[in-house]
Amino acid sequence: MTSPVFERIAIIGCGLIGGSISRAAQEKVAAGAVSLFDADPAVLSRAAEIGLGEARSTVAEAVADADAVFLCVPVGAMREAGGAAIGAMRPGSILTDVGSVKGSVARELRSLAKPGIHIIPGHPIAGTEKSGPDAAFGSLFEGRWCILTPDAAGDADYKAASERLALFWERLGSKVDQMDAQRHDLVLAVTSHLPHLIAYNIVATAHDMESVEEGDVVKYSAAGFRDFTRIAASDPTMWRDVFLNNKEAVLEVLGRFDDDLTALRKAIRRGDGETLFNVFTHARGIRRSIIEAGQDTAAANFGRDTDGKK
Ligand code: NAP
């Protein structure tokens, strides 16, 4: 019989990610037991009711007997949640998180350091536009990357703890990578944060146009627009915190995006079909490589019915 990687884990924040870690850990025997805490009592009791773990009434109670504590709260709440947890954690245990930004969160968590507690920031690159415990599912992390940003100066005990945490994520079905927090934030600014900003912006623009076009934007949304609306349906609190906490990297990437957009605008104005064709051909190749890497489906229209109703 498989033995769990951790006897007990604590999940602080029982939403989509915390709930999915809990489900996956139980289904795949990565944890023997799960303690839960959420700032919202209704969320906490719902999470326990649907089998995500055992509800505890304070953070301290949730973490006291855990081998690993997962902070699954919005990035802006990491410091508060980490501060409430670390004092009650037992020596040798791991404090980790799932925040979408790593530089600021790693700094905040490390400022709380307590001897004997291994602080190992992390970020599973998996999610949906949904929130809350009912959105959680156990296969969320399968085949997805999880990035850990451990302290390079950590001692042998710390390295062993990092390996154990990597094993936990692998047990959930993830592929694990390690990198420094700065690199993580730049890479994610390109692959996740900028696309969300574009989606939020395009939906705002279309909403302004809707009053001019009298319903036609929604009616013909299957032409491409609706794929942006899915991303733009993501949680506003989470994304506000991402942009506030990854400011430098997002602004750097946004600058490059502006330059490329200006080049496209000029090509359209000049009637420069060759430039447009070359940029679009290159982009198509990138899409192909994402499918080859197993990071998306090759099915037409993302596997939706061809009539576009699904
Ligand atoms: P979520 O579904 O909204 O769940 C977060 C939960 O944490 C909410 O129930 C929230 O309660 C609670 N919470 C807030 N502050 C707290 C505190 N101080 N102590 C305890 N609980 C607290 O959010 P999520 O989508 O799971 O995201 C959680 C984290 O995962 C974020 O840091 C996000 O950046 C990261 N992440 C998200 C995705 C994604 O696609 N969603 C992917 C990878 C990583 P209230 O609602 O009452 O505030």
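Helix H4, which covers residues 78–86, and helix H5, which covers residues 103–110, have axes that come within 9 Å and cross at roughly 30°, where an axis is a line fitted to C-alpha atoms, for helices over the stretch in contact, and angles run from 0 to 180 degrees between N-to-C directions. H4 and H5 are therefore roughly parallel to each other, since angles under 35 degrees count as roughly parallel, over 145 as roughly antiparallel, 65 to 115 as roughly perpendicular and the rest as oblique. On the H4 side the contact is made by Met 78, Arg 79 and Gly 82, and on the H5 side by Val 105, Glu 108 and Leu 109, contact meaning heavy atoms within 4.5 Å. These residues divide into 3 nonpolar, 1 polar and 2 charged.

This is a predicted model, in which local features need pLDDT of at least 70 and side-chain atom pairs count only at pLDDT 80 or more, while totals for chains, interfaces and linings use all residues. Residues are numbered from 1 along each chain as its sequence is written, and side-chain values use heavy atoms, with hydrogens and water left out.

Another helix pair is formed by H11 (residues 247–270) and H12 (residues 273–292), which pack at an angle of about 140° with their axes 8 Å apart. H11 and H12 are therefore oblique to each other. Their contact is made by Leu 264, Ala 267 and Ile 268 of H11 together with Thr 275, Leu 276 and Val 279 of H12, and by class it has 5 nonpolar, 1 polar and no charged residues.

Turning to the ligand, an oxygen atom of the ligand is 2.7 Å from a polar backbone atom of Val 73, and an oxygen atom of the ligand is 2.7 Å from an N or O atom in the side chain of Ser 100.

Key: Helix = DSSP H or I, 4+ residues; strand = E, 2+ residues; numbered from the N terminus. Nonpolar A, V, L, I, M, F, W, Y, C, P; charged D, E, K, R; others polar. Polar contact = N/O pair within 3.5 Å; in protein donor to acceptor, adjacent residues only side chain to side chain.
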